Amino acid sequence: MQYRVGIGYDIHRLVQGRPLFIGGAQIPYVKGLLGHSDGDVLLHAVCDALLGAIGGGDIGQLFPDTDPKYQGIDSKELLKAVADLVREKKYTVNNVDTIIVAEEPKMLPFEKEMRRKISAILEIPEDRVNIKAKTSEGMGEIGKIEAIASYAIVSIVPRED
Ligand code: MG
């Protein structure tokens, strides 16, 4: 089978006065992720994993943070654009597995919403999108609640139609 895989990683700084978006879900918290877009670190990792799988470069090449067009953009729009590229290449997403590394806040209450939103954009069943959350055990910039990181891995398969 002509399957392909891709890997993605991202990290964003946590700052006061920004809403927190992770996996397309808005999570009530005292800080949010700094970024040219909405800073959704998980969706960015998924975008990079998909781009990796199709040999499409990376999110920074596709959506440069110097371009005012992407200022404050909802990262779900970026994922939609990347999903379109996967379809254009005549592939469909087989599955997505992810890790969020965050000391705070708790991600589990939002896991279902993240799965629902990501699977809807990728047009795959929810059980093909997996979200795992880890802390950094108080160590480093993530442990000190100065940043949140995410990892993603995807597999894609040729479209049947
Ligand atoms: Mg990013």
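Reader: What makes Glu137 buried or exposed?

Author: Glu137 has a relative accessible area of 66%. The cut-off for exposed is over 50%, so Glu137 counts as exposed. Keep in mind that this is a predicted model. Glu137 is found in the loop between strand 6 and helix 5 (140-143).

Reader: What is the phi of Glu137?

Author: Phi of Glu137 is near 55°, which is positive although the residue is not glycine. Most residues other than glycine have a negative phi. Glu123 is another case, with phi near 60°. Glu123 sits in the loop between helix 4 and strand 6.

Reader: And how do you know whether Glu123 is buried or exposed?

Author: Its relative accessibility is 59%. Exposed starts over 50%, so Glu123 goes down as exposed.

Reader: Which peptide bond is cis?

Author: The bond from Glu104 to Pro105 is cis, with omega near -10°. Most peptide bonds are trans. Pro105 belongs to the loop between strand 5 and helix 4.

Reader: What order do the strands of the open sheet have?

Author: The five strands run 4-1-7-5-6, and their pairing is mixed. Strand 4 (31-33) and strand 6 are at the edges, since each has a single partner strand, which leaves one side of each without a neighbour in the sheet. On average, neighbouring strands are turned by 20° against each other, direction ignored.

Reader: How do you know that strand 1 and strand 7 pair?

Author: Pairing takes at least two bridges. Strand 1 (residues 4-16) and strand 7 have ten bridges, in the antiparallel sense, so they pass. Gly6 stands opposite Val154 in strand 7, and Ile7 stands opposite Ile153 in that strand. On to strand 4: strand 1 pairs with strand 4 over three bridges, again antiparallel, and that is enough because two will do. Here Val15 stands opposite Gly32 in strand 4.

Reader: Which strands does helix 1 touch where it packs on the sheet?

Author: Helix 1 touches strand 1, strand 4, strand 5, strand 6 and strand 7, and its direction makes about 155° with that of strand 1.

Reader: What makes a set of residues a nonpolar core?

Author: Residues of the nonpolar kinds must be buried and joined through side-chain atoms within 4.5 Å. The largest such core here has 45 residues, and among those with the most contacts inside it are Ile22, Leu50, Leu79 and Ile148. Elements that supply at least two residues each include helix 3 (75-88), strand 5 (91-101) and helix 4 (111-122). Helix 1 gives the most, with ten residues. In soluble globular proteins, nonpolar side chains tend to be buried together.

Reader: Which elements make up the protein chain, and how many are there?

Author: The protein chain has five helices and seven strands. From the N terminus on, they run β-β-β-β-α-α-α-β-α-β-α-β.

Reader: Why is the protein chain called as compact as a globular protein of that length?

Author: Its radius of gyration is 15 Å, and the globule rule gives 15 Å for 161 residues, so the chain is as compact as a globular protein of that length. Along the principal axes, the C-alpha atoms fill a box of roughly 45 × 35 × 25 Å. Of the 161 residues, 46% count as buried. Among contacts with a separation of 6 or more, 72% come from residues 24 or more positions apart.

Reader: Last one: where is Asp161?

Author: Asp161 lies in the segment after strand 7. With 70% relative accessibility, against a cut-off of over 50%, Asp161 counts as exposed. From C-alpha to C-alpha, Asp161 and Asp38 are 35 Å apart in space, and 123 residues apart in sequence.

Definitions and conventions
Residues numbered from 1 in each chain as written. Predicted model: local features only at pLDDT ≥ 70, side-chain atom pairs only at ≥ 80, totals over all residues. Heavy atoms only, no water. Buried < 20%, exposed > 50% of the residue type's maximum accessible area, 1.4 Å probe, protein only. Helix = DSSP H or I, 4+ residues; strand = E, 2+ residues; numbered from the N terminus. Axes fitted to C-alpha atoms, helices over the stretch in contact; angles between N-to-C directions. Contact = heavy atoms within 4.5 Å. Rg over C-alpha atoms; globule rule 2.2 N^0.38 Å.
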